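The sequence and structure come first.

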Amino acid sequence: MADKPNLGRRLFAGFAFAAGMAAYHGHRLFGAPAQAKGRSGMSAWDIEFTSIDGEKMPLAGFRGKALLVVNTASFCGFTGQYRDLEKVWDDYKDRGLVVIGVPSNDFGGQEPGSVAQIKAFCESYDVSFPLSEKSETRGARRHAFYAWVAAELGEGAVPRWNFFKYLVGRDGALAGHWPSSANPTGREIRAAIEKALAARV
């Protein structure tokens, strides 16, 4: 019959080893770290956009909030999602969600306009959430946010068309991503936003 004190010591040692290995790899057994660092060794708070008005827009300025980052285009079959994104922004901004639109001409040449033209177009949809300057999402010149997405999730997760959606949690880690066809007001994205907003930092 096994010696009970020795068994208890072995179980404790096993648990301690598991906890140590988890800590070594930068994770916690219970809960998420305040600033999660993924495979890239970065969080969203290390990344900076430039606003559509030419101002610096460091994501660290939104630290502690959740972000929904979407590459947008004015002349796309999914452009009507501007209304849905504005709805999500209206519903959740007071609870800590920031929607960020990233105009891009990467797909089908569907965002060819100037800053003034893009802003005027977005005003026609009553867009009030922050917009970045026109940015590339793919290739060697892609914006640092999309390079980070690729480093965290692999190249298969980078946008393949306009209106790809990326949710960043309050800890600065990616918390979800969806393709163009996923409606921002749909049940899956709303559930993920609710979960991200409920998380403690």
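F145 and Y146 form an edge-to-face pair because their ring centres are 5.2 Å apart and their planes stand at 80 degrees. This is a predicted model: local features need pLDDT of at least 70, side-chain atom pairs count only at pLDDT 80 or more, and totals for chains, interfaces and linings use all residues. Residues are numbered from 1 along each chain as its sequence is written, and side-chain values use heavy atoms, leaving out hydrogens and water.

**Pairs around Y146**
- F145 and Y146 are both buried, meaning under 20% relative accessible area, with exposed over 50% and partly exposed in between (1.4 Å probe, protein chains only).
- Y146 also pairs edge-to-face with Y166, at 6.0 Å centre to centre and 75 degrees between the planes.
- Y146 sits in helix α4 (residues 144–153) and Y166 in strand β5 (residues 165–168), so this pair ties together parts 20 residues apart in sequence.
- Helices (H or I, at least four residues) and strands (E, at least two) are DSSP runs, numbered from the N terminus.
- Y166 is buried, as is Y146.

**Helix α4**
- Buried residues in α4 are F145, Y146, W148, V149, A150 and E152.
- Their cover includes β1 (48–50), β3 (66–72), β4 (97–103), β5 and β6 (174–178), with contact meaning heavy atoms within 4.5 Å.

**Aromatic cluster**
- One aromatic cluster is formed by F75, Y82, F121, Y125, F129 and F163.

Methods. Rings of Phe, Tyr and Trp (its six-membered ring) pair if their centres lie within 6.5 Å; planes under 30 degrees apart count as stacked, over 60 as edge-to-face and the rest as tilted.
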